[in-house]
2 protein chains.
Amino acid sequence: MGAHLIGLDWGSSSLRAMLIDAGGAALETRTSTAGASTLDGSPAAFSAALDALIGDWRDKALPMLACGMVGSQHGWREVPYADCPSDARALANGALSVDWRGQYLRLLPGLRCETPAGVPDVMRGEETQVLGALQLRPDLAARSCIVMPGTHSKWARVRDGAVQDFATHMSGELYALLRQHSVLGRLMPAGEAGTGFVEGVSAARDQGAAGLSHQLFAVRTLGLTGRLPHEALSGYLSGLLIGHELRAGLAELDQGAPLLLVGEPALCARYAAALDLFGRPAVPVLPNTAAAGLQRLATLI
Amino acid sequence: MGAHLIGLDWGSSSLRAMLIDAGGAALETRTSTAGASTLDGSPAAFSAALDALIGDWRDKALPMLACGMVGSQHGWREVPYADCPSDARALANGALSVDWRGQYLRLLPGLRCETPAGVPDVMRGEETQVLGALQLRPDLAARSCIVMPGTHSKWARVRDGAVQDFATHMSGELYALLRQHSVLGRLMPAGEAGTGFVEGVSAARDQGAAGLSHQLFAVRTLGLTGRLPHEALSGYLSGLLIGHELRAGLAELDQGAPLLLVGEPALCARYAAALDLFGRPAVPVLPNTAAAGLQRLATLI
């Protein structure tokens, strides 16, 4: 099967371009650091970023579709959010076009919902991951919760093929901030999180009512008192943050809904291990599903 | 009444020296930025910092007593923590001396406790504030909870004049981190928190089970969608963080215990306003009570 679509997953800090076949598989993938927030916001800058990465794909004259922050207020062109509940058709209907050297590039909208607190929540790009995941796991379209770990993790509740609502958790950004800039980071050696993760998740699960901002201080005291080796402190911090995310996310779920993890495999594996500790073992994992989602949406445009 | 004591409140980032009378009042106060963590850890550096600030007080030949990080691992001399429950006598008994140009300076220990999660918590300096507060409000010595807002807020439970246990909340540090380094700070104009505080506290009170790391993201979406003016976002962030601290702190309290706020008046006023929203109106406030605490402890050494 040959390529049917040029798909772009164009986030804040990176751009990923894919040649996608009719089955939703990426035949070729190229990435660059020309994320939407790294450019100056002008159409010329976005256009030039595409020239640099996939200038040689122009001659293929394939349809082109993009998801992510490229459609935000500071993107190539602002594409208004679609409101939840929203399915593939609603998203496809909301796409707007820009011109890349005489070719149409369609930009997908993000999603917006109203949380139970009466506060808006938003995503741009993850909605396409959700649709891709449902292409690959159609058994989950009727009812599921799709968890996409990351800097800003998203928990999307799916019913009848539509995203009903979702919640963002800033766990990844908090981890990076606390590690780099807080008093907690000072005791941590450089490098990846080692042991300590299970202890952190367990503390959040069992004692989370004591509050995240209290439990975070334990990262320091456990290090200072030698209860945990310094090599385990970043793992403990990661476990605390993910544990608090699960504590809140699972409490909001309708209880029987199957879970699915979508995203970077190593991070998803940490979430799966944490979910196991919360009594949700063997949650399936899919890597980035943007290609399948873009292909599905392209058929509706 | 003349000065009976030179008291030092020597924290990480600042040094405050006081001439204290027999009633525990500061007759004169001098401050410097020579905090314990700004010095190189050598006795000579600590000694020189005192020379610069109160060299002319040496001739008074008064007893000298210090609390705070000056007694930590990286301080002038490490003074082992006293374990909770702990009262004034236990703290006074734990003091160790250093030599400042031929005069004794006694350094007080900090306090350590074990939280219900089986994790240690620590304070250095706030234990002296607690004792000072109980000098000024002896009616609270039998049973109370003393809340000391700050970078690392402390909630100390008092029974029969002794600190039973306590909890640290990193609310102040999280506020600074999120404001300076996170995606949330980008929408906030410079300057003090304005409106938005009540809304943030209320969101934490009513919807806090959704999780701090989720609710934090609302600071961004409320700004992006224009639901809150950008001038109100830092107030909302402050309200969310303080609200989550109160949510957790009040849940751990034995319900009837009277509360007392001790610390910087403007910050204490924010906590008092938040406590009012949590149904705890008119909580009394005392400014820094270190002088009274140091005087009380000096009588026991």
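Two residues are taken to be in contact if their C-beta atoms, placed from the backbone, lie within 7 Å. Helices (H or I, at least four residues) and strands (E, at least two) are DSSP runs, numbered from the N terminus.

## Basis of the model

This is a predicted model, in which local features need pLDDT of at least 70 and side-chain atom pairs count only at pLDDT 80 or more, while totals for chains, interfaces and linings use all residues. Residues are numbered from 1 along each chain as its sequence is written, and chains are lettered from A and ligands numbered from 1 in the order in which they are written.

## Packing of α5(A) and α8(A)

Phe197(A), Val198(A), Val201(A), Ser202(A) and Arg205(A) of α5(A) are in contact with Arg270(A), Ala274(A) and Leu277(A) of α8(A). By class, this contact comprises 5 nonpolar, 1 polar and 2 charged residues, where Ala, Val, Leu, Ile, Met, Phe, Trp, Tyr, Cys and Pro count as nonpolar, Asp, Glu, Lys and Arg as charged, and the others, Gly among them, as polar.

The axes of α5(A) and α8(A) (residues 265–277) come within 10 Å and cross at roughly 50°; axes here are lines fitted to C-alpha atoms, for helices over the stretch in contact, with angles running from 0 to 180 degrees between N-to-C directions. The two helices α5(A) and α8(A) are therefore oblique to each other, given that angles under 35 degrees count as roughly parallel, over 145 as roughly antiparallel, 65 to 115 as roughly perpendicular and the rest as oblique. The crossing of α5(A) and α8(A) is right-handed, that is, the near helix is turned clockwise from the far one by less than a right angle.

In β10(A) (residues 143–148), 5 of the 6 residues are buried, a residue being buried if 20 or more other C-beta atoms lie within 10 Å of its own, exposed if 12 or fewer, and partly exposed in between. Strands pair if DSSP finds at least two bridges between them. β10(A) pairs with β11(A) (residues 153–159) in the antiparallel sense over 6 bridges, Ser144(A) having Val158(A) as its bridge partner, and a hairpin of 4 residues joins β10(A) to β11(A).

β10(A) also pairs in the parallel sense with β13(A) (residues 259–262) over 3 bridges, with Val147(A) opposite Leu261(A). β13(A) in turn pairs in the parallel sense with β14(A) (residues 285–286) over 2 bridges, where Leu261(A) stands opposite Val285(A). Leu259(A) and Leu261(A) point one way from β13(A), Leu260(A) and Val262(A) the other way, and all are buried.
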